[in-house]
Amino acid sequence: MKLNQDKKAQFTDRCHAAARAQSSRMDARTNMANDRDLPSPAAPPEHPAVVVHHGPRLIILRRMAWVCTALVLMVICLSAFIRLSRAGLSCHYWPHCYGQSLLELQQGLPASGGENEATALARLAHRIVASTALLLVIGMVLVCVTTRPVRWREGRVALALLALALFLAVLGRWSSNSPLPAVAMGNLLGGFAMLALCWRLAWHPDPPDTPRLRAWAGLGLALLICQVLLGTLVSASYAATSCNSLADCIAASHTASWQALNPWREPVLASTPPLNASGALVQTVHRMASLFVVLVLLPVGLAAPGQGRRGPGLLLLLFLAVELALGLLLAGNGASLPLTLAHNLIAALLLATAFELTRGAGVGT
Ligand code: HEM
């Protein structure tokens, strides 16, 4: 009797296994029919519920997106180097040379120092790398939309990349010498957004759907964008010498004008340090805003590995820790060009990782 029951159970298990295999073969065929790109052996999905099919076109697109990610990272670094060295951050006669070019402009004096060799070289490299990235973005759009069936899911991201690249080209062409912090903010955030989109195209195509995690990551992303804009306002309003410790910044903020937070207002510089006393307010807000960013992104990073998003979750925690450490070093040691460049680069990677965590299965790419 017991033997018969065991045999019956084994037979039922075998039937279920055969049915599951049949159903997954049918799923694979349906995916092939939808895309007509032949599926190749895929990387193991991060989540067992997700079946991934990489057609050759998708593989090419993802390779192009990785190259584009590297190019955009270079453009971000070069552009920050040009902006910060032109502002005189950690210049030779620090802090007396800081903000001199804007100060001379505001006092109606002829510009004394021309561009140094390193900045001129960086400008040339920036042009070459940015133009290559633009061509690659056009290539990605063509890969998505010129072959049937049109891959709209990736095509939308590639088109957004193209729009951003053109926006940045126009911004750079018409307002590269503008002293308005809003211009630096647009430039920096545009570059960061390009990085986030390239990375999204390059990353794993179908992560598991985690609606709660995505919602919190979305909130963290919004706070991060505000924080990035505030950080750019600190540097574009020449606030590096406005204060040192947080207590110092809070005390100096009491006399500062709220206009210091207006990105459409040209910073008014004094001829002696601190160049922009009101910049202490911007420094205070930027440092305090870190607390809100951490309060949201830390739980997101900790929860992500348990929800099938191990890679981006751990990267988020790593970038967050490094970014805070760099910020504290900057605040403790005073302005430093290499530290600010690293702070800028990690901010870009942090934003791209938070953006990646806002993606759900079948949403975007
Ligand atoms: C998640 C946290 C943070 C993010 C995303 C962030 C982001 C940024 C960004 C994008 C910039 C502009 C860099 C540039 O102009 O190229 C910046 C500047 C700056 N940040 Fe942060 N930051 C963070 C936390 C902090 C903290 C905790 C501190 C200090 C305690 C700090 C201090 C500074 C300073 C002093 C500057 C101005 C550097 C200059 O003079 O140009 N940041 N930050």
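1. Arginine 265 is found in the loop between helix H8 (246-253) and H9. The model is predicted, and in it this arginine counts as partly exposed, because 15 C-beta neighbours lie inside 10 Å. The C-alpha of arginine 265 is separated by 8.3 Å from that of alanine 182, although the two residues are 83 apart along the chain.

2. The loop between H8 and H9 also holds alanine 256. Is alanine 256 buried or partly exposed? Alanine 256 has 22 other C-beta atoms within 10 Å and the threshold for burial is 20 or more, so this residue is buried. Leaving out residues up to four places away in sequence, alanine 256 touches Ala277, Ser278, Ala280 and Leu281.

3. The peptide bond leading from proline 273 to proline 274 is cis, and its omega is near -5°. Another cis peptide bond joins tryptophan 94 and proline 95, with omega about 0°. Proline 95 belongs to the loop between H2 and helix H3 (100-106).

4. Backbone phi values deserve a look at several places. Serine 90, in the loop between H2 and H3, is not a glycine, yet has a positive phi of about 40°. Serine 90 counts as partly exposed because it has 18 C-beta neighbours inside 10 Å. Tyrosine 238, in the loop between H7 and H8, is likewise not a glycine and has a positive phi of about 55°. Tyrosine 238 counts as buried because 25 C-beta neighbours lie inside 10 Å. Glycine 334, which follows H10, has a positive phi near 80°.

5. The overall fold can be stated briefly. The protein chain has 11 helices and zero strands. Buried residues account for 38% of its 365 residues. Of the contacts between residues at least 6 apart in sequence, 75% join residues at least 24 apart.

6. The buried residues in H4 are Ala122, Ala130, Ala133, Val137, Met140 and Cys144. Residues three or four places apart in an α-helix point the same way, because a turn takes 3.6 residues. The cover over the buried residues of H4 includes H2 and helix H5 (152-175).

7. With 24 residues, H10 reaches 34 Å from its first C-alpha to its last, close to the 34 Å expected at 1.5 Å a residue. Its buried residues are Pro312, Gly313, Leu315, Leu316, Phe319, Leu320, Glu323, Leu326 and Gly327. H9 and H11 are among the elements that cover them.

8. The largest nonpolar core has 88 residues, and those with the most contacts inside it are Val72, Leu195, Cys198, Leu351 and Ala354. H2 supplies the largest share of this core, 15 residues. What does leucine 195 contact, apart from its neighbours within four places in sequence? Leucine 195 is in contact with Thr69, Val72, Leu73, Ile76, Ala348 and Ala352.

9. The ligand is surrounded by 27 residues, of which the closest are Gly231, Ser235, Ala240, Gly327 and Asn344. Two or more residues of this shell come from each of helix H2 (56-87), helix H7 (211-236), helix H9 (279-303), helix H10 (310-333) and helix H11 (337-356). Which element gives the most to the shell? H7 does, with seven residues. By type, the shell divides into 15 nonpolar, 10 polar and two charged residues. Gly327 is both one of the closest residues to the ligand and one of the buried residues of H10.

Conventions
Residues are numbered from 1 along each chain as its sequence is written. This is a predicted model: local features need pLDDT of at least 70, side-chain atom pairs count only at pLDDT 80 or more; totals for chains, interfaces and linings use all residues. A residue is near a molecule or strand if its C-beta atom, placed from the backbone, lies within 6 Å of it. Helices (H or I, at least four residues) and strands (E, at least two) are DSSP runs, numbered from the N terminus. Ala, Val, Leu, Ile, Met, Phe, Trp, Tyr, Cys and Pro count as nonpolar, Asp, Glu, Lys and Arg as charged, and the others, Gly among them, as polar. A residue is buried if 20 or more other C-beta atoms lie within 10 Å of its own, exposed if 12 or fewer, and partly exposed in between; C-beta atoms are placed from the backbone. Two residues are in contact if their C-beta atoms, placed from the backbone, lie within 7 Å. The expected span of a helix is 1.5 Å times one less than its number of residues. A nonpolar core is a set of buried Ala, Val, Leu, Ile, Met, Phe, Trp, Tyr and Cys residues joined through C-beta atoms within 7 Å.
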